[in-house]
Amino acid sequence: MSTANGCGCSNYLINYSNEELINIVVKEIYDFLQTDSESNKLTDQTDPQFPFIPLGISNRHIHLTDETFHKLFGDNVEFEVMRPLYQPGEFASKHTLTIVGPKLRSIPNVRILGPLRKYDQVEVSLTDAIFLGINPPVVNSGSLDNAVPLTLVGPNSSVYLKKCAIIANRHIHISDKDAEKHGLKNGDFCKIKIPGEKSTVFENVLIRTNKNWKLQIHLDTDDANAANVREETFVEFIEKL
Ligand SMILES: [Zn+2]
């Protein structure tokens with residue numbers, strides 16, 4: 001029998017924050033899913049489809065700090081995973097909030113994505129912004145200098161966040177290695193084409209690199225709806241701008 005102090009295993013876990021533990025669990029689940037499905041096996045290789053890029057459509061969502069999460073949900077509520085997302089380590093949490101704009105119009109059930117971050121951010125589409133009565137900037141995730149205010153309503157309390165709402169710019173997630181292979185680097189902009197009945201070319205698509213990312217393009221619901229596509233689509237990389 002070992003006690004928490006006498007057991008190396010427990011000490012190992014104690015040294016991690018909740019956020020780090022969540023990341024470990026999510027990675028385990030993600031790795032399991034990767035080995036479990038035939039379709040996912042394809043994506044284990046380095047981008048075999050390039051210049052065809054799998055599409056991910058970002059619905060409105062929220063990123064929160066640990067502090068804001070607990071203000072909204074209560075000190076004793078754990079931040080919990082609902083399901084892993086395509087990008088390693090990222091997940092949809094079980095938690096949603098209502099967002100309220102200056103016209104007192106609200107959108108309920110806006111999901112918080114994890115892990116918790118160092119900033120509070122609400123990503124909406126232009127359609128959402130018009131409905132809420134706000135005018136957010138089109139920027140890269142995390143660029144909050146010109147972000148606009150919203151009120152977030154949770155089960156424990158509400159918070160008014162002065163600089164939180166943005167429209168995320170179109171972007172491609174790609175690993176550093178694959179970016180290099182295709183002559184791309186973090187911060188580049190490119191042009192892509194969506195095939196189909198409402199075939200559409202999008203410019204100003206930002207390249208974002210990270211060593212862990214899998215090749216994927218993220219469009220918001222307005223852009224995806226304009227091209228009449230769902231997530232099963234592959235988008236074609238045309239050129240660097
Ligand atoms: Zn993204």
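Trainee: What makes strands β10 and β13 a pair, and how do they run?

Mentor: Two strands pair once there are at least two bridges between them. Here 3 bridges join β10 (residues 171-174) to β13 (residues 216-220), so they pass the cut-off of at least two. The two strands run antiparallel. For one of the contacts to look at, I172 has I217 in β13 as its bridge partner. Keep in mind that this is a predicted model.

Trainee: Which closed barrel do β10 and β13 belong to?

Mentor: They sit in a closed barrel of 6 strands, in the order β1-β13-β10-β12-β11-β14, and the pairing is mixed. From one strand to the next, the twist averages 45 degrees.

Trainee: Why is N204 called exposed?

Mentor: Count the C-beta neighbours: N204 has 12 of them inside 10 Å. Exposed means 12 or fewer, so N204 counts as exposed. N204 lies in strand β12 (residues 200-209), and β12 is one of the barrel strands.

Trainee: And what about the phi of N204?

Mentor: That one is positive, about 55 degrees, although N204 is not a glycine.

Trainee: Where does N109 lie, and what is its phi?

Mentor: N109 lies in strand β5. Its phi is positive too, about 60 degrees, and N109 is not a glycine either.

Trainee: What share of the protein counts as buried?

Mentor: Of its 241 residues, 29% do. To get that label, a residue needs 20 or more other C-beta atoms within 10 Å.

Trainee: Which peptide bonds are cis?

Mentor: Two to look at. A cis bond joins F50 and P51, with omega about 15 degrees, and another joins G114 and P115, with omega about 0 degrees.

Trainee: Where do P51 and P115 sit?

Mentor: Both are in loops. P51 is found between α3 (38-44) and β1 (52-58), and β1 is a barrel strand. P115 lies between β5 (106-114) and β6 (121-123).

Trainee: How many helices and strands are there?

Mentor: The protein comes to 7 helices and 14 strands.

Trainee: And what share of the contacts join residues at least 24 apart?

Mentor: Among contacts between residues at least 6 apart in sequence, 70% do.

How values were computed
Residues numbered from 1 in each chain as written. Predicted model: local features only at pLDDT ≥ 70, side-chain atom pairs only at ≥ 80, totals over all residues. Helix = DSSP H or I, 4+ residues; strand = E, 2+ residues; numbered from the N terminus. Contact = placed C-beta atoms within 7 Å. Axes fitted to C-alpha atoms, helices over the stretch in contact; angles between N-to-C directions.
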